[in-house]
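Here are my notes on the model you sent over.

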Amino acid sequence: MFETAEAFMHAAKPSIEQFNRWAYDLRFAALADHLGYKCISSHEFEHIRHLFERADSFMYQSIISGRRVAIIKLPSAVRTSFGDIWYLELSDQKPDGSQDGRFDHIEIYPAFFTAENMVELVERNGTRFTPSGHAHHKTYDTTLENGFKVRLEPEPLIKKIIRDEMK
């Protein structure tokens, strides 16, 4: 278990570095949105969420697909080829217990195109994206060598939260 928020973020570095190598040639086509971490247990979810709770921090938690998902503003940006990431999406264990605890994905969104046009552009460079089939919204995913995913969304997550959940 991570002792500090800094140790948690340090553990993300190999996935971020692999993402940056993948993203370098496309760096003007999309913007980075957030880093996703899937927890192996509710205890891990609560522990990591607590590491980031501060008096001046932004945190929003919701129930999505039967589990808690927290959006946490990071104390400092994660630098990527697609710009700075300021948010962590922290997902509790799935109700069926099938989830491993790990850094799971970086979500990106198109800078100038629709998500579908972005998929076409990226696929011309040899990367295959597949529609995710998520019940709550459509995304496109590709998996890098270490199992870390790049998830393409049509818009920033925070816009979706404000529009759909904070009415």
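Helices (H or I, at least four residues) and strands (E, at least two) below are DSSP runs, numbered from the N terminus. By that scheme, isoleucine 64 is found in strand E2.

Some ground rules before the points. This is a predicted model, with local features needing pLDDT of at least 70 and side-chain atom pairs counting only at pLDDT 80 or more, while totals for chains, interfaces and linings use all residues. Residues are numbered from 1 along each chain as its sequence is written, and side-chain values use heavy atoms, with hydrogens and water left out.

1. Back to isoleucine 64: at 23% relative accessibility, this residue counts as partly exposed. The cut-offs are under 20% relative accessible area for buried, over 50% for exposed, and partly exposed in between (1.4 Å probe, protein chains only). Isoleucine 64 and methionine 9 sit 55 residues apart in sequence and 24 Å apart in space, C-alpha to C-alpha.

2. Next, helix H2 (residues 13-23). Its buried residues are Ser15, Ile16, Gln18, Phe19, Trp22 and Ala23. Looking down the axis of H2, they fall within an arc of 165 degrees, so they line one face of the helix; the arc is that of the directions from the helix axis to the C-beta atoms. The cover over these buried residues includes E1, E3, strand E5 (102-110), helix H4 (115-124), strand E7 (140-143) and strand E8 (149-152).

3. Helix H5 (residues 157-165) has Leu157, Lys160 and Ile161 as its buried residues. Down the axis of H5 these fall within an arc of 100 degrees, so they too line one face. They pack against strand E1 (30-38), strand E2 (59-64), strand E3 (67-78) and strand E4 (85-91). On the face turned away from the buried side, H5 carries the exposed residues Lys159 and Ile162.

4. What about the cores? A nonpolar core here is a set of buried Ala, Val, Leu, Ile, Met, Phe, Trp, Tyr and Cys residues joined through side-chain atoms within 4.5 Å. The largest one has 41 residues, and those with the most contacts inside it are Phe8, Phe19, Trp22, Leu35, Tyr37, Phe52 and Phe82. Apart from it lies another core, of five residues, including Tyr60, Val69, Ile71 and Ile161.

5. Eleven aromatic pairs turn up in the structure. Rings of Phe, Tyr and Trp (its six-membered ring) pair if their centres lie within 6.5 Å; planes under 30 degrees apart count as stacked, over 60 as edge-to-face and the rest as tilted. For phenylalanine 8 and phenylalanine 103, the ring centres are 4.8 Å apart with planes at 45 degrees, so that pair is tilted. This pair links distant parts of the chain, with phenylalanine 8 in helix H1 (residues 5-11) and phenylalanine 103 in strand E5, 95 residues apart. Tryptophan 22 and phenylalanine 129 have ring centres 6.3 Å apart and planes at 70 degrees, so they are edge-to-face.

6. Which residues does glutamine 99 contact, leaving aside neighbours within four places in sequence? With contact meaning heavy atoms within 4.5 Å, they are Lys38, Cys39, Ile40, Arg67, Ser91, Asp92, Gln93 and Lys94. Glutamine 99 has its place in the loop between E4 and E5, and is buried, with a relative accessible area of 7%.
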